[in-house]
Amino acid sequence: MRIAMVHSSFAILGGAEQYVRNLSAALERRGHEVRVFSAPSPHSLPDDVPIRPRLAARLGRTGTRAGKVLTHLGDLVDPTGLRVDALREFAPDVVHVHNWQGLGALPIGRLVRAYPSVHSVHDHAVCDPNNALGNLGRSPGLDRLLRLRSGWVMRRLCPAVLLFPSERTRRRVLGSAPGVSLVTDRVVPLAMPTPPRNEVLPVGGRNVFFYLGALAAHKGVDLLLEVWRGTGPATGGTLLIGGDGPLRAEVERLAEDMPSVRYLGHLDEAGKEAAFASAGWLVFPSRGAETFGLVCAEALVAGRPVIANSIAAPPMASDGSVLLFREPNELAELLRRAASMPDSEYDAMTASASEDGRRLDWDRHVDSIVQSYESAMSAQAAGGPSIKVAPR
């Protein structure tokens with residue numbers, strides 16, 4: 001099978017970007033031919049096929065207010081950039097669309113009408129241009145505009161089979177565009193390849209907390225740093241921070257000022273494994289509604305419970321594997337509680353996390369993705385989008 005992975009950019013190496021790389025490698029190991037189509041970016045690979053910049057990107061400078069406005073308007077009305085004939089030489093059997101923002105609803109709409117297609121919903125971009133749903137609820141008028149936008153985008157995407165990482169995300173996205181009928185959709189929980197282990201990771205230090213992800217305000221890093229300044233010494237513990245992003249300088253300053261903070265930089269698989277081995281907890285303070293939270297899945301696979309913002313509660317974690325907070329003072333209290341948790345309670349949480357992690361099987365996940373490809377291809381071969389696939 002020839003599979004075209006279409007993703008907006010690898011400017012950062014977030015969860016969606018790493019997922020595209022992991023899935024591509026897994027499919028190639030199974031004998032499929034995979035090609036990645038993406039805008040040129042710092043983390044592009046030599047074999048990636050570059051997508052030419054669209055008009056909206058050429059008119060506005062990245063990082064400026066005008067550039068941001070043009071980006072979001074371009075997602076709705078700019079038909080340039082990605083062309084269907086750019087895939088013609090590769091002649092894919094199926095197209096797998098990942099993040100579409102930056103490519104635009106119109107080009108993606110043409111693409112999913114031209115080829116059997118699936119779309120992994122990695123974020124809430126259909127519902128809200130800032131992904132984190134921060135615009136919703138500000139005013140009735142804005143909510144109506146966002147629903148109109150959502151309907152417009154969903155009508156462009158609806159020929160594809162939509163793959164949602166959780167039922168929660170499915171309800172949010174479909175609820176944002178009432179009246180739009182999809183070809184079909186599935187809930188396919190995400191997973192990641194687990195490094196081979198001869199045994200379960202040893203129990204980490206319960207007063208060692210690990211943050212892994214983008215160093216950005218929407219991920220709650222600034223909140224975590226503020227809380228740690230006041231609470232870190234009381235825990236007697238250590239805060240490990242891995243990742244990169246716009247708040248890196250602030251993280252580095254705190255690491256210089258407080259010996260209890262260690263900045264680990266961008267982590268490869270070996271680096272993540274080492275950090276999880278020493279940490280007792282993953283801290284997931286994201287300020288926005290997350291679709292899944294792949295880093296939480298990584299923590300559970302490693303047998304580490306999660307301290308998370310309730311708005312971003314990881315859907316793959318059972319109640320016994322996670323501690324939730326709503327306000328900064330609650331996060332401070334949870335850090336203190338976690339650092340001194342009795343053995344019996346902490347052991348129960350790590351056992352629950354390990355059990356949740358065992359359900360996140362990478363090979364089964366890839367099986368589900370391949371089945372979705374086959375369903376999309378069969379539907380087109382049958383002359384229409386009539387096939388329905390039961391969630392697994």
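**Close-up views of a predicted model**

**View 1. Strands E2 and E3 run side by side.** In this predicted model, two bridges link E2 to strand E3 (residues 49-50), and the two run parallel. Look for Phe37, which stands opposite Val49 in E3. Strands here are DSSP runs (E) of at least two residues, helices are runs (H or I) of at least four, and both are numbered from the N terminus; two strands pair if DSSP finds at least two bridges between them. Local features need pLDDT of at least 70 and side-chain atom pairs count only at pLDDT 80 or more, while totals for chains, interfaces and linings use all residues. Residues are numbered from 1 along each chain as its sequence is written, and side-chain values use heavy atoms, with hydrogens and water left out.

View 2. Strand E1 (residues 2-9) is joined to strand E2 (residues 33-39) by seven bridges, in parallel. Between E1 and E2 the chain passes through helix H1 (residues 15-29), giving a right-handed β-α-β crossover (with the strands pointing away from the viewer, the path from the first strand over the helix to the second runs clockwise). Ser9 faces its opposite number, Ala39 in E2. Four bridges connect E1 to strand E4 (residues 94-97), again parallel, and here Ala4 stands opposite Val95 in E4.

**View 3. The open sheet holds seven strands.** Their order is E3-E2-E1-E4-E5-E6-E7, with parallel pairing. At the edges are E3 and strand E7 (184-187), each pairing on one side only.

View 4. A search of the whole structure turns up five aromatic pairs (ring centres of Phe, Tyr or Trp, taking the six-membered ring of Trp, within 6.5 Å; planes under 30 degrees apart are stacked, over 60 edge-to-face, the rest tilted). Among them, Tyr19 and Trp362 have ring centres 6.4 Å apart and planes at 90 degrees, so this pair is edge-to-face. Tyr19 belongs to helix H1 and Trp362 to helix H13 (residues 362-381), so the pair ties together parts 343 residues apart in sequence. Both Tyr19 and Trp362 are buried (under 20% relative accessible area, with a 1.4 Å probe and protein chains only). Trp281 and Tyr346 have ring centres 5.4 Å apart and planes at 55 degrees, so they form a tilted pair. Trp281 lies in strand E11 (residues 279-284) and Tyr346 in helix H12 (residues 343-358), so parts 65 residues apart in sequence are tied together.

Definitions and conventions. Buried means under 20% relative accessible area, exposed over 50%, partly exposed in between (1.4 Å probe, protein chains only).
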